[in-house]
Amino acid sequence: MIHWLKQLRSAFGVAFLWLVCLIYFTQGFRSFVWTAVSYQLKDRLQLSPSASQFVFTVSFFPWSIKPLYGIISDCIPIGGKKRTPYLVISTVLSLVPWVMLGLDSTSRSSSLYLMILLTVQNIGSAMADVVVDAMIAEAVRLEKASFAGDLQSISWFAMAVGGICGSLLGGYALTNLNIETIFLLFTVLPALQLLSCTLVEEIPASNELLDSNGFEEKSYDNYSDTKKSNIKRRKGKKKKSGKGASSYGKSVTQKKQSKSKSLGSQLFQSLRAATFELCRAFKQPMILRPMAWFFIAHITVPNLSTVMFYYQTEVLQLDASFLGTARVVGWSGLMLGTFVYNRYLTNMTLRKSLLFAHIGLSITILLDMVLVSRANVGYRVSDKTMVLFGSALADAINQLKFMPFLILSGRLCPPGIEGTLFALFMSINNLGNTIGSFMGAGLALLLGISSGSFENMFMGLAIQVFCTYIPVLFLFLIPKEATGVSAS
């Protein structure tokens, strides 16, 4: 283990590894503060389950447009750099909203202000996620490619550790601290992340923009040479008439205007080239068909997670510390799912693994139906046991469903748009989740499920089970021989 860490440190440097682990740890630790947000919406603002889910869905929408952040960071360098400046900007965006929510009671007491600040915070978190993914893709290219799996593993490990710590401490904090204090405590990690950005040295991009012809990179920055030449000419013309100097001044101004137009034109060409290359990569059957299926798999299944949170806290009387423990078990299930897939299922066809995943997901919803019907009490199985087991099983199965697409996306990153293409897959996933959450909120509203009124909860879960099998009908979109490793 120590030798492995030394190899990674030698290959990438301590500062880079620290920043990657910190960002992923922070992403996992977000459960610490978002649990507090759930209770803020439920207890202090007294929103209904459907209204609360609507706030969550809107605030998490920035995760659905991750390719936009990738295109901007790939094509528009700031100070000659494409990564660290955007990492600083994204960290500030993810830090400031929590400070405002912790210090300003008005922003906490208004669902609209709260939703806006949470949306801004998610813009920062999503952008940071895109940028660090691009940095990893660039770091492992060429001679460091052999460390790709190791770097991804340590990233996932850091996020899992963050998730476990955040879930455990989140439940404890809710029991012993005010919600506004929790918001302020969480700002420590983004602040530390902001300071850590200064430790990583990025090689300037030399103002290179992407050319639409063949997606090649060309340098347009010859302004300094032109400027030196102009200075020499100016010295040689000091004794010339005012008319000549005026003509020369006009010539320089025209050149500057022409140069500005040229830079703007090349910037536009760069953005267009990145978009074109992204579309070209997206059209590949091995990426387009699975993504289309994955999107359908999300939008056809209504998400009732927020409704279940209300049921667990109001009907089952489960406290915050226990729900934090349940999330820890869920993270353990996620890591178990990752291990099982990498160890046993990488050679299984996607059609089979996805079919089994949806059968498993339907079983987890059936467990919720047993919980809602109170049938578990008759068999002397406690509510807490049902929740813990269901959480672990659901996260493990979702990870089995997620891993093949993650691997495919990571292997199809053309040079120059690493952040964009890798972000595209996650955006398909997140946008599908967003639509599924809207559907869940609509279903709860349609069935009259609200705080203190859960009579139709069983019916909602039954509909969810039925919808879980709809994506199975579209498995023909998955290439028949495709696996998580390769495709035929």
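**Terms and the values behind them**

Author: H4 passes H8 in a right-handed crossing. The model is a predicted one, in which local features need pLDDT of at least 70 and side-chain atom pairs count only at pLDDT 80 or more, while totals for chains, interfaces and linings use all residues. Residues are numbered from 1 along each chain as its sequence is written, and side-chain values use heavy atoms, with hydrogens and water left out.

Reader: What makes the crossing of H4 with H8 right-handed?

Author: The term is right-handed if the near helix is turned clockwise from the far one by less than a right angle, and left-handed if anticlockwise; H4 and H8 therefore belong to the clockwise case. Helix H4 (residues 49-59) packs on H8 at an angle of about 35°, and the two axes are 8 Å apart. (Axes are lines fitted to C-alpha atoms, for helices over the stretch in contact, with angles from 0 to 180 degrees between N-to-C directions.)

Reader: Which residues make this contact between H4 and H8, and how do they divide by class?

Author: From H4 come Phe 54, Val 55, Val 58 and Ser 59, and from H8 come Met 115, Leu 118, Thr 119 and Asn 122; contact here means heavy atoms within 4.5 Å. The contact has five nonpolar, three polar and no charged residues. (Ala, Val, Leu, Ile, Met, Phe, Trp, Tyr, Cys and Pro are nonpolar, Asp, Glu, Lys and Arg are charged, and the others, Gly among them, are polar.)

Reader: How do the axes of H2 and H8 lie, and what is the hand of their crossing?

Author: Helix H2 (residues 14-29) and helix H8 (residues 111-139) have axes that come within 11 Å and cross at roughly 145°. The crossing is left-handed. H2 contributes Phe 16, Leu 19, Val 20, Ile 23, Tyr 24 and Gln 27, and H8 contributes Ser 125, Asp 129, Val 132, Asp 133, Met 135, Ile 136 and Ala 139. Nine of these residues are nonpolar, two are polar and two are charged.

Reader: How do you know that the buried residues of H11 line one face of the helix?

Author: The buried residues in H11 are Leu 189, Pro 190, Gln 193 and Ser 196. Buried means under 20% relative accessible area, exposed over 50% and partly exposed in between (1.4 Å probe, protein chains only). Down the axis of H11, these buried residues fall within an arc of 120°, so they line one face; the arc is that of the directions from the helix axis to the C-beta atoms. Val 188 and Leu 195 are exposed on the other side of H11. The buried residues of H11 pack against H2, helix H6 (84-103), H8 and helix H10 (179-186).

Reader: Why is Thr 364 called buried?

Author: Thr 364 has a relative accessible area of 8%, which is under the cut-off, and the residue is therefore buried. Thr 364 is found in helix H17 (residues 350-373). Residues up to four places away in sequence aside, Thr 364 touches Leu 393, Ala 394 and Ile 397.

Reader: What makes Gly 452 exposed?

Author: The relative accessible area of Gly 452 is 59%, over the limit, so Gly 452 is exposed. Gly 452 lies in the loop between helix H20 (418-446) and helix H21 (457-468). Gly 452 and Ser 48 are 404 residues apart in sequence and 9.4 Å apart in space, C-alpha to C-alpha.

Reader: Why does Arg 380 count as exposed?

Author: Its relative accessibility is 81%, so Arg 380 counts as exposed. Arg 380 lies in the loop between helix H18 (375-378) and helix H19 (383-411). Arg 380 has a positive phi of about 60°, although it is not a glycine.

Reader: How many helices and strands does the chain have?

Author: The chain has 21 helices and two strands, where helices (H or I, at least four residues) and strands (E, at least two) are DSSP runs numbered from the N terminus. Of the 488 residues in the chain, 51% are buried.
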